[in-house]
Amino acid sequence: MESYQQFLKPEVLAKLKQIDLKARLVVEGFLAGLHRSPYKGFSQEFAEYRSYLPGDEIKRIDWKLYAKTDRFYIKEYEEETNLKAYLLIDASGSMRYASGKISKLDYASYLAAGLSYLLIKQRDSVGLVTFTTTLDRYIPPRSNPAHLKVLLHAIDALKAGGDTNLANTFHKLAEKIKRRGLVIILSDLFDNKENVLSALKHFRHRKHEVLVFHILDKNELDFTFSQPLILKDLETSKEITLDPRVIRKQYQKTINEYFADFKIRCREHMIDYNPITSDTPLDRALFEYLQKRSKYA
Amino acid sequence: MGFLAPSLLLLLSLATIPVIIHLIQRIRLRKISYSSLFFITQTNRETFSWLQVKEILLLIFRTLFVFFLLFSLARPYFVKKIYTSKSEASRLIILDDSYSMAYQNNFTRAKQTALKLIQELKKGSEAAFLTSSGSVKVNFTTDFFSLEKMIDTLRVSFSGRSLEPCFNKGLDIMSDAVQAQKDIYIITDLQKRALEPILERVNFISQESEYDITVVDVGKENHINVGIEEVFVSPNFPGPDFPSRPYVKVKNYSNQTSRRMLFFSLKFSEKESIIYSSQKEIVLNPYEVKAVIIETEISQPGKYLFEASLSRDSLPADDRYFYTVKIDEKKQVLLIRDNAQESQYLARALQTGDFVIAQADARALYQQNLRQYAVIGLINPTRLSVLDFERIGHYVSGGGGVFAVLSEEIQTSGWTDILNLKFSAQGKPVVISPPGFVSIQEVNYDNPIMVIFKDINLSAARFYAYWALDNFSSSSVLAYFSSGKPFLMQPDNQKIIIAFTAFDVSKTDFVFKATFLPLMHRIFTYLSSPVMQTDYLINDTIRVQPASALALRIRTPHTEFLQTPNIENGQFILKFSDTYEPGLYYIGDNVFSVNVHPAEGDLSRITQGALKQHNIKVVTEVGSKTTDFTRISILLAILFLVLELVLLIV
C-alpha cells in the first residue's frame, strides 16, 4: 500500500509519462490510505461481489453467500447519480511558474487527472474546461469510462501561456452550464479579487456547488529570494526591480490577508476554498473533494 | 575656496565608487520569470515607493560620505572675500620664511594669509611676492593662478636672515608698481631679530612714501623652544690631565623649565664610521645656556665630524648641529713679510717646535691658500691691500689664527677697518738709542698664554724700538713695556695676537733670550689651537682653493655632482653657495659643516604695541577670517554615515 502512496507526491508523479497511469496511481494511492471505502452505492442495480473490507457496514454483508462459502462478501451496486462535475483548469502564463520541479499547471494536471479518474470510477459525469483569457476548450460532462481517455488526453495536452481573465471566463461559463453541478476550479486566481468572487457567486447563483483549489507555488507564499533581482511577469512580461529582503514581510502580509479575506468571503457564499501549494501531496486535495462529494450526495 | 593639499583632490574620483558599484549591481541583477506581479504590486504602494526612495537616498548618503571624507584630506578652507582694496592695487607680499616660522603652524597660516591677500585683489590688480630667505622673487604679475600655485608649494627655509635685505629688494620691486593704490604686506611672526632692523625704515617709508605698509602677525605670544647654539672643542691647550673634549652648548629660549634628550655622534672622517655616540638627558631652566661635556677625547690627528641633536620640539631646525674639526700633526705656519730678514729669527724659533714654516712676500699674499695654514704671521707688512685684509678677515672668521708684528712703519687703517679689531690704531713709533731701552714689565698671568711665565723673569730683554699705542683696553693686554705701553695684545679674545715691536736684532735682543723661544711657541700653539674649525651657516659661500683645475666632487646632504674650479687672481677657486640646508658638505678632500643660524631659534617677539609706537600698522588677520572647512567636511562625512546607518536600520 505504501508503494501506491508514494504516487501522491507530485515530484514522484512527474517522473511518469502517461497521464492515465498518473491518474490511476494517484487514486489508488489515495484509496489505499483510507480506512473506509469511499464508494457508496446509490442504486439497487447489482454490479459485482467484493471481499469485505474493514470499515464496510456489516449490514451490507451477503449472508447467503457467507452460508455457502463461509467468507464475507459484499454486494456492489452500479451507482446511479445525476452529479455533473466540471473541472476548470486555469492555463494562463502564471500557472507555468515553478520554483522547484513541479509547476502549478503540472500540479493542477495531476490533480485534475486524479479527480477525473475518481469521478468516472464513481460513474459521475465529468466535464473539462481549460481557459486563459477566454475559454480554450470545453469538454461536456459524460460518465462512461471511455470519456476518461478523452479527459486525460485533453489534460495531458495542456500548455500554459497568455494572460488571464478569470471573472469574465467564469461568468461566461456560469451562463453556459445549464444543469446544476459541481464546479471544481484549479487556478492561482491571479485576478481582481472582487471580480473573481463575483464570478464565483454567479456559479452559486446558478445553484452549482463550487470547490476552489487555489494552487500556489511555495515560493509565492514565502517569497524566499535572497538577492536583489528583476522579476518578469510570466503573463504580461512586465519587469520590476526589487530587493526581496526589504519587501518580504510586506508581501507576506499582503498575500496572507488576501487569502484570509478570500476564505471568509467564500465561506459567506458557501464556496469551498482550498489554498494548496504545488508541493502538497495530492491526497489532501482528493480528500477535500470527497468531503464535498458527500455533501453533494 | 582653497586647499592646503590640492594634489589630494584627485582622490575625490574615488567618491564615484559607490555609484559604480550601484550601477554594476544593477547590470548584474538576476532576471527571474515570476508567475505574476499581482501580489507584489498589491503590496503597499507607499512602502514600495519609499523603498525606491530609500535606495536612492542610501546611494546619495554613501557617495556624500566618501566624498566629504576624501574632501577633508585636501584640507579645504573658505576665504570670504572682503576687499582690503576698494580699487585695483599693486600689492607686494613679503613672506618671512626664516626657520622660526616653522614653529607650530605659523608658516601654514602665513601661506594662507598670502593666498588670501592675492584672492582679495580686484580684477586689474597686480601682485608681487618675496620670501625673506631670497628663495623666491616674483615681480609684479597678474597671473594670480600661477602665483597661488607657487605659494601653495612653498616650504619654510632654514634661513635665519632678517627681513632687511628682503625689504630693500621689495622697495626696488615697488618702483615698478603701476596702480594708484600701492600696498606692502609683511607676513611674519614678529620675531625681534627679523623685524627690528627694518622698524625705522618701515616707519620712514610709511610716512614719506605713497606705500601703505601693513605687518600681518601670524606668530604666537607664548613659545617653548630649546636649540643647540654651538658645538666646540675645549681646551685649546690640552695636557695629559686636560684632554680636548667636545662640548654642546644648548639654550632654552623659553620662560619654562625644559627637559630634552641630547644625542651625540662622532665620526672619524678617514673611516667614515661612527667612533663614538652617546645620549644624555638635560634639564634647562628658563633662558639657561648650558655647555654639555661629551665624554670622549679628541687627540689623534685627523678630521672629526660631529653631529649633535635634541629630541624634537615645535621648532626642529635648531635641534641639530653639525661640526667638523681637523687636528694636524704639524701646524702649518705662513709668515708674510716685506723682506726675509724681518722674519728670520721668528722662523728659526718656530722651526724648533711642531711647526712647518712657509714664508711669502706681502705682495704675493693673494697667491696663497690661507686655509691650509693654522696660523699666519704678518711680520710688519706695509704693502697689504684692502683685498688682502678682506682675505685675512675671512680667514680669521673661519677659525684661523693671526700673529701680527707691528713696528714703526706699519699702516694701520686696514687692521681697524677690515678686521674690526675695535682698538684705536692711533699712536706713534718710538725709537730709543742705546744704552736706553724698555723691557717687559707687567704681565697678565691669568691669560692662558702667559700663565706658564709666572715664575720666569721676562724683563731681561731690551727693546730699542716699538709702537707706542695711544688708546687701548687694558683687558686685552697680555704684557706691557716698562713705558706702560702694550707689548702683546689680544683684541676681543679673537685668535689674533699683536706684538708692538719687531723681532729684529737691530731693535731688540729678545731674540737671543731664553724666554723668546717658549713665548713664540706658546703664542703660535695657542693661535693654531688643536682644532681648525670650518663652520658655515645656511646661505654662506664655501670657498675652496684646489691645487689644480680638475673638477672636484661635491656631496651635499641630498645630491652629488662634479664642479670645475674658476681662476681668480691666478689661483684656482671653487665657490659653492647652494648651502640651503644644514648638514655636511664634502668638496674634494675637504668636509664642511653647515648649520642654521642659532640665534633664529630665539622666538622673542616685538610687541604689537611697540610696532604701533613706530606708526606701523599691524593686523592678525587679513579681511575676514579664513574658515577651515576640514573639520566641517569631516563632520559632514560623519553626518552622512550616521544618516546611512539610520536609513539601513529603519
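**Group meeting: a predicted two-chain model**

B:Val216 stands opposite B:Val619 in β34(B). The model is predicted, and local features need pLDDT of at least 70, side-chain atom pairs count only at pLDDT 80 or more, and totals for chains, interfaces and linings use all residues. Residues are numbered from 1 along each chain as its sequence is written, while chains are lettered from A and ligands numbered from 1 in the order in which they are written.

The pair belongs to two strands of chain B. Strand β8(B) and strand β34 (residues 617-619) of chain B pair in the parallel sense over three bridges. Helices (H or I, at least four residues) and strands (E, at least two) are DSSP runs, numbered from the N terminus, and two strands pair if DSSP finds at least two bridges between them. Strand β8 (residues 212-217) of chain B also pairs with strand β7 (residues 181-188) of chain B, in the parallel sense and over six bridges. There, the bridge partner of B:Thr188 is B:Asp217 in β8(B).

Chain B has 14 helices and 35 strands, and chain A has 11 helices and 10 strands. A residue is buried if 20 or more other C-beta atoms lie within 10 Å of its own, exposed if 12 or fewer, and partly exposed in between, with C-beta atoms placed from the backbone. By that criterion, 36% of the 650 residues of chain B count as buried, and 39% of the 297 residues of chain A do. Two residues are in contact if their C-beta atoms, placed from the backbone, lie within 7 Å. Among contacts in chain B between residues at least 6 apart in sequence, 76% join residues at least 24 apart. In chain A, residues 24 or more positions apart account for 76% of the contacts with a separation of 6 or more.

I turn to the nonpolar cores. A nonpolar core is a set of buried Ala, Val, Leu, Ile, Met, Phe, Trp, Tyr and Cys residues joined through C-beta atoms within 7 Å. In soluble globular proteins, nonpolar side chains tend to be buried together. The largest core has 75 residues, of which B:Ile93, B:Ile94 and B:Ile187 touch the most other members. This core draws at least three residues from each of domain 2 (89-222 + 603-625) and domain 3 (232-319) of chain B; the domain bounds come from an automatic or database domain assignment. Leaving aside residues up to four places away in sequence, B:Ile93 touches B:Ala114, B:Leu117, B:Ala127, B:Phe129, B:Tyr185 and B:Ile187. A second, separate core of 73 residues includes A:Tyr86, A:Ile155, A:Leu216 and B:Phe38.

How many residues does each chain bring to the contact between A and B? Chain A gives 24 residues and chain B gives 19. On the side of chain A that touches chain B, β8 (229-233), β9 (239-242) and α10 (244-268) each supply at least two residues. The most comes from α10(A), with six residues. By class, this side of chain A has 12 nonpolar, five polar and seven charged residues. Here Ala, Val, Leu, Ile, Met, Phe, Trp, Tyr, Cys and Pro count as nonpolar, Asp, Glu, Lys and Arg as charged, and the others, Gly among them, as polar. Strand pairing also crosses between the chains: five bridges join β8(A) to strand β2 (residues 30-34) of chain B, and the two run parallel. In β2(B), B:Lys31 is the bridge partner of A:Ile230.

Finally, two residues in their surroundings. Is A:Thr130 buried or exposed? A:Thr130 is buried, because 24 other C-beta atoms lie within 10 Å. A:Thr130 lies in strand β4 (residues 125-131) of chain A. Its contacts, not counting residues up to four places away in sequence, are A:Ile89, A:Ala91, A:Asp136, A:Arg137 and A:Leu158.

B:Ile567, in contrast, counts as exposed, because it has 9 C-beta neighbours inside 10 Å. B:Ile567 lies in strand β30 of chain B. That strand belongs to an open sheet of three strands in the order β27-β31-β30 (chain B), with antiparallel pairing. The edge strands, β27 (542-544) and β30 (566-568) of chain B, each pair on one side only. Three bridges join β27(B) to strand β31 (residues 571-576) of chain B, and B:Leu574 in β31(B) is the bridge partner of B:Val544.
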